[in-house]
Amino acid sequence: MDFIFWKVTFGDCIALISLAVTIWIAIIVQGNFTQSRYIREHFIKEITQIRDDYRGLFAQLYTNQLSAKDIKNRLKILSIRLQSIEAFIEAYYQIDGEKIYNIHSEFQKFLTSEDEFNCQFSNEYIIFSNQTQTKIQKHQGNITHEITKRIIDINSSKEKNRFRRKKSISELTSLKID
């Protein structure tokens, strides 16, 4: 009995090696793409959730359903979430990580410094005038615009250098947010 296995030519070996390298490259590239896409989708999902939280906050502000303490607590929670997610986005992608947070801070300062807010602080609900609601709508437009822009930026950005990204992310995991 002759074994065909022993009649492998040099060209057959090259073809097998080429096939193995092609399969290995496809697996590595697909794995990196899947991981990268998963992380990208996670960041987008977090930003979308923050957008939904803002929608709920603005709806309740317009219908006078929140107390001053509720407003301060919701704004504080949004601040913490924004600060955290934007730090990770900045570390992972080449995107400025402070824009939504800065706009949020402006809105928070505006709202909590309004006379209506401070005069009604101990009331069960804050009732904003039409003039103040118009100003709130402008802030809502700015926040919505920046959130949409951030989602587009995440989708169109590339990852930072892997070595630098890992270093930055490891620094972030030990970061405490004030």
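View 1. At 33% relative accessibility, Asp-52 is partly exposed (that is, between buried, under 20% relative accessible area, and exposed, over 50%; 1.4 Å probe, protein chains only). Arg-55 is partly exposed too, at 49%. The two form a salt bridge, with the closest N and O atoms 3.6 Å apart (the rule asks for a side-chain nitrogen of Lys or Arg within 4 Å of a carboxyl oxygen of Asp or Glu). Both sit in helix 1, three residues apart, or about one turn (helices are DSSP runs of H or I, at least four residues, numbered from the N terminus). This is a predicted model, where local features need pLDDT of at least 70 and side-chain atom pairs count only at pLDDT 80 or more, while totals for chains, interfaces and linings use all residues. Numbering starts from 1 along each chain as its sequence is written, and side-chain values use heavy atoms, leaving out hydrogens and water.

**View 2. Glu-86 meets Arg-150.** This salt bridge comes in at 3.0 Å, N to O. It ties together distant parts of the chain, Glu-86 in helix 2 and Arg-150 in helix 5, 64 residues apart. Both residues are buried.

**View 3. The largest nonpolar core.** Here we have 33 residues, and Tyr-54, Leu-61, Ile-71, Phe-107 and Leu-111 touch the most other members (a core is a set of buried Ala, Val, Leu, Ile, Met, Phe, Trp, Tyr and Cys residues joined through side-chain atoms within 4.5 Å). Helix 1 gives the most, with nine residues.

Conventions. Helix = DSSP H or I, 4+ residues; strand = E, 2+ residues; numbered from the N terminus.
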